[in-house]
Amino acid sequence: MSKPTNIDMQQVWQQDKDHYIHPWTDFSTFKETGSMVLADSDNVHVIDGDGNRYLDGIGGLWCVNIGYGNEEMAEAIAQQIRTIPYYSCFGHHTTVPAAQLAAKLAELAPGNLNHVFYGCGGSVANDTAVRMIHFYFNQLGKKSKKQIISRIDGYHGSTYMAMSITGVKFDHIGFDIEEKMVHHISCPNPYRRPADQSLEDFCDQKVQELEDKILELGPDNVAAFFAEPIMGAGGVIVPPEGYHKRTLDVCRKYGVLYVSDEVVTAFGRLGHMFASEDEFDFVPDIITCAKGLTSGYLPLGATIISDDIYEVISKPQADGAIFTHGFTYSGHPVSCAAGLKNIEIMERIQLCNHVRDMGSYFENQLKTLLDLPIVGDVRGRKFMMCIENVANKETKELIAPEAKVGNRIAEHCQARGLIVRPLAHMNVLSPPLTLTKEHIDFLVATLRESIEVTIEDLRRDGFL
Ligand code: PLP
């Protein structure tokens with residue numbers, strides 16, 4: 001199928017700048033620079049409006065797991081549109097892909113997580129989890145059990161509730177959040193622990209903090225704990241060994257539900273379809289996922305709940321009341337067809353095995369950057385990685401925020417044909433999972449050169 005070629009990209013850039021309110025945008029610079037128009041794509045590359053090619057080190061936004069331009073996926077989507085493009089799943093209607101994908105997710109999800117609710121993305125999957133959990137405790141007659149605990153630097157989305165559960169303080173500036181219902185405990189970031197504290201003691205302290213918070217609020221008031229297996233947008237933070245299992249034990253002790261936010265970590269990014277059990281050895285009560293579920297080809301999110309929760313929420317209510325939660329696009333057949341095809345492709349080409357092999361190479365190659373004078377930490381797992389830049393590697397002191405070191409590195413990378421994501425003083429990497437050794441070598445060499453040039457810039461500008 002041919003791609004459009006006669007588009008005036010300068011006009012597109014102008015239209016965008018004049019009329020499109022971009023998500024997560026710094027308007028102080030946007031109003032001058034506008035946005036880079038991405039016009040084409042191919043496996044791990046994207047191509048801008050001027051025809052420049054970039055290796056996409058961030059998979060769009062932790063997304064394009066099977067790579068760009070997959071024709072089989074395009075055909076599956078087109079085929080579903082020809083068959084039945086939409087039908088509501090409210091009440092007693094369904095479609096073939098919605099049912100088949102739910103069964104497939106139940107097969108892939110750990111433990112007895114066998115029931116799937118669909119929305120359009122990760123934020124909605126988390127909002128749905130909150131509403132279901134509240135409904136669950138109401139059905140059980142435990143009406144006071146409503147409080148949510150999450151972590152500083154956890155990211156759970158941008159709807160009102162998901163942003164309230166999010167603990168990245170920067171993201172709350174200038175907005176309001178729900179403060180009465182949500183409580184944040186500290187972030188289990190091993191890199192930032194006190195220099196004289198062992199990892200074991202650090203883990204003990206973080207687990208204890210959860211228990212203390214539940215006791216402070218009262219176990220009868222606490223409904224759920226939300227956590228990402230590896231914190232993504234908060235800086236790719238891998239908690240110490242055993243943290244998830246032990247926090248789950250604390251939750252079980254007090255009848256608190258554990259929601260594992262796998263919006264980034266599911267569908268191969270860590271080399272497994274789901275990371276909670278396969279990578280971190282614990283089975284939560286609820287998993288939320290999105291992004292890699294369709295490789296970002298179409299919007300889709302899912303809230304996957306246990307048999308035990310389903311048993312309670314599916315009980316008939318008094319007075320003819322029903323389960324009043326859902327969206328026009330819950331179980332959208334075209335998105336679900338994309339999800340099914342995505343999983344079929346991933347299984348057929350054994351993408352998780354590829355990530356386990358190539359992801360280790362990626363981790364090791366990125367760690368070679370630690371010899372650079374501002375690279376304080378290279379962390380993450382497999383195809384979910386982060387570089388933390390600092391002014392002093394001994395003290396871990398940060399470079400002044402005005403230096404925008406993450407942005408500078410990203411800009412130098414972009415000028416060299418590589419897209420990496422700036423996140424304050426860090427740079428995040430979450431490439432398509434089809435990345436090969438050659439791509440990794442290019443990516444790491446380009447990052448090295450870009451960080452070296454950035455160091456020169458920072459010295460010139462008096463930041464180092
Ligand atoms: N949860 C996590 C861990 C995420 O990283 C994100 C988005 O990046 C979300 C939830 C929100 O997902 P969405 O942007 O699809 O609403």
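The centres of domain 1 and domain 2, taken over C-alpha atoms, are 28 Å apart. This is a predicted model: local features need pLDDT of at least 70, side-chain atom pairs count only at pLDDT 80 or more, and totals for chains, interfaces and linings use all residues. Residues are numbered from 1 along each chain as its sequence is written.

**Domains.** The protein chain is assigned domain 1 (73–348) and domain 2 (350–460); such bounds come from an automatic or database domain assignment. Across the boundary, 16 residues of domain 1 are in contact with 20 residues of domain 2. Contact here puts the C-beta atoms, placed from the backbone, within 7 Å.

**Ligand.** The ligand has 15 residues around it, and Gly 121, Gly 122, Ser 123, Gly 157 and Val 263 come nearest. To count, a residue needs its C-beta atom, placed from the backbone, within 6 Å. Helix H6 (residues 122–139) gives the most to this shell, three residues. Helices are DSSP runs (H or I, at least four residues), numbered from the N terminus.

**Two helices.** The axes of H9 (residues 199–217) and H10 (residues 243–253) come within 10 Å and cross at roughly 25°. Axes are lines fitted to C-alpha atoms over the stretch in contact, and angles run from 0 to 180 degrees between N-to-C directions. H9 and H10 are therefore roughly parallel, a label for angles under 35 degrees.

| Helix | Residues in the H9–H10 contact |
|---|---|
| H9 | Cys 203, Lys 206, Val 207, Leu 210, Glu 211, Ile 214 |
| H10 | Tyr 243, Arg 246, Thr 247, Val 250 |

Conventions. Contact = placed C-beta atoms within 7 Å. Parallel < 35°, antiparallel > 145°, perpendicular 65-115°, else oblique.
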